[in-house]
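Visitor: I would like to learn how to read a structure like this one. Please take me through it feature by feature.

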Amino acid sequence: MNKQIISYVAKMEATLMNKMEDHNEENLLFSIASDMIAKEKDQFKNVCQAYEVVKHNIVGIH
């Protein structure tokens, strides 16, 4: 994992934790990743890899 992916993982996890309490959306993590991609289109691959890391951390698949 490169530094950019690690940065996106941290941002996604922080955003997810902040929004979980007052957010009912089933696909909150996907929504967060989509917003990141919309803001930084050239980082699509890194954001997608970060999304997978966070998803696996939540589910507990290692």
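**Reading a helix and its contacts**

Guide: This is a predicted model. Start with helix α1, where the buried residues are I5, Y8, V9, M12 and L16.

Visitor: How do the buried residues of α1 fall when seen down its axis?

Guide: The general idea comes first. An α-helix has 3.6 residues a turn, so residues three or four places apart point the same way. In this case, the buried residues of α1 fall within an arc of 105 degrees seen down the axis, so they line one face of the helix.

Visitor: Which helices do the buried residues of α1 pack against, and which exposed residues does the face turned away carry?

Guide: The buried residues of α1 pack against α2 and α3. On the face turned away from the buried side sit the exposed residues K3, M17 and N18.

Visitor: How far does α1 reach from its first C-alpha to its last?

Guide: Helix α1 covers residues 3-20, which is 18 residues, and it reaches 26 Å, close to the 26 Å expected at 1.5 Å a residue. At the start of α1, a side-chain oxygen of N2 comes to within 3.0 Å of the backbone nitrogen of Q4.

Visitor: Is Q43 buried or exposed?

Guide: Q43 is buried, its relative accessible area being 17%. This residue lies in the loop between α2 and α3. The side chain of Q43 makes a polar contact with the side chain of N46, at 2.6 Å. Leaving aside residues up to four places away in sequence, Q43 touches Q4 and Y8. Y8 is also one of the buried residues of α1.

Visitor: How should I read an aromatic pair?

Guide: A pair of aromatic rings is described by the distance of the centres and the angle of the planes. The structure holds one such pair. The ring centres of F30 and Y51 are 6.4 Å apart and the planes stand at 80 degrees, so the pair is edge-to-face. It links distant parts of the chain, with F30 in helix α2 (residues 28-39) and Y51 in helix α3 (residues 44-59), 21 residues apart.

Visitor: How many salt bridges does a search of the whole structure find?

Guide: The search finds one. K55 forms a salt bridge with E52, and the closest N and O atoms are 3.1 Å apart. K55 and E52 are three residues apart in helix α3, so about one helical turn separates them.

Visitor: What is the relative accessible area of K55, and what is the relative accessibility of E52?

Guide: K55 has 30% and is partly exposed. E52 has 35% and also counts as partly exposed.

Notes: Residues are numbered from 1 along each chain as its sequence is written. This is a predicted model: local features need pLDDT of at least 70, side-chain atom pairs count only at pLDDT 80 or more; totals for chains, interfaces and linings use all residues. Side-chain values use heavy atoms; hydrogens and water are left out. Rings of Phe, Tyr and Trp (its six-membered ring) pair if their centres lie within 6.5 Å; planes under 30 degrees apart count as stacked, over 60 as edge-to-face and the rest as tilted. Helices (H or I, at least four residues) and strands (E, at least two) are DSSP runs, numbered from the N terminus. A salt bridge is a side-chain nitrogen of Lys or Arg within 4 Å of a carboxyl oxygen of Asp or Glu. Buried means under 20% relative accessible area, exposed over 50%, partly exposed in between (1.4 Å probe, protein chains only). A polar contact is a pair of N or O atoms within 3.5 Å; within protein, one must be able to donate a hydrogen and the other to accept it, and residues adjacent in sequence count only if both atoms are side-chain atoms. Contact means heavy atoms within 4.5 Å. The expected span of a helix is 1.5 Å times one less than its number of residues. The arc is that of the directions from the helix axis to the C-beta atoms.
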